[in-house]
Amino acid sequence: MELNETQTRIIQEIEDASEVILNLSHQIHANPELGYEERFASGLLCETLERYGFRVERGYADIPTAFCARKGCRA
């Protein structure tokens, strides 16, 4: 199966971010938290997404540890 330009770009972006993604995974794994109490993981993910230009809405759907992250021109 041949990839289109968008698919190729997405794969490259993921590969470029692989070190950051793996580091996040290791930190979250090393700090287990109960469901709906994932304050460390939620904070870490939000901070990282913000550092990479995402707009992050914390406390999404009235859940303190939930968030919604957006990037680009779409709402």
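Which side chain meets Glu57 in a salt bridge? The partner is Arg70, at 3.9 Å from N to O. A salt bridge here is a side-chain nitrogen of Lys or Arg within 4 Å of a carboxyl oxygen of Asp or Glu. Arg70 lies in strand 2 and Glu57 in strand 1, so the pair ties together parts that are 13 residues apart in sequence. Arg70 is partly exposed, at 29% relative accessibility. Glu57 is also partly exposed, at 39%. The terms are set as follows: buried is under 20% relative accessible area, exposed is over 50%, and partly exposed is in between (1.4 Å probe, protein chains only).

The model is predicted; local features need pLDDT of at least 70, side-chain atom pairs count only at pLDDT 80 or more, and totals for chains, interfaces and linings use all residues. Residues are numbered from 1 along each chain as its sequence is written, and side-chain values use heavy atoms, with hydrogens and water left out.

The structure holds 2 salt bridges. Glu50 and Arg58 also meet through their side chains, at 2.9 Å from N to O. Glu50 has a relative accessible area of 34%. For Arg58 the value is 44%.

The largest pocket has a volume of about 280 Å³. A pocket is an open set of points on a 1 Å grid over the protein atoms alone, where a 1.4 Å probe fits, with protein on both sides within 12 Å along at least five of seven lines. Lining residues have an atom within 4 Å of a point. The volume is the space filled by probe spheres set on the points. Residues of the lining include Val20, Leu24, Leu45, Tyr52, Phe54 and Lys71. Helix 2 (18-30) and helix 3 (39-51) each give two or more residues to this lining. Helices (H or I, at least four residues) and strands (E, at least two) are DSSP runs, numbered from the N terminus. By class, the lining has 8 nonpolar, 1 polar and 2 charged residues. Nonpolar covers Ala, Val, Leu, Ile, Met, Phe, Trp, Tyr, Cys and Pro; charged covers Asp, Glu, Lys and Arg; the others, Gly among them, are polar.

Most residues other than glycine have a negative phi. Tyr36 is exposed, at 62% relative accessibility. Asp62 is exposed, at 77%.
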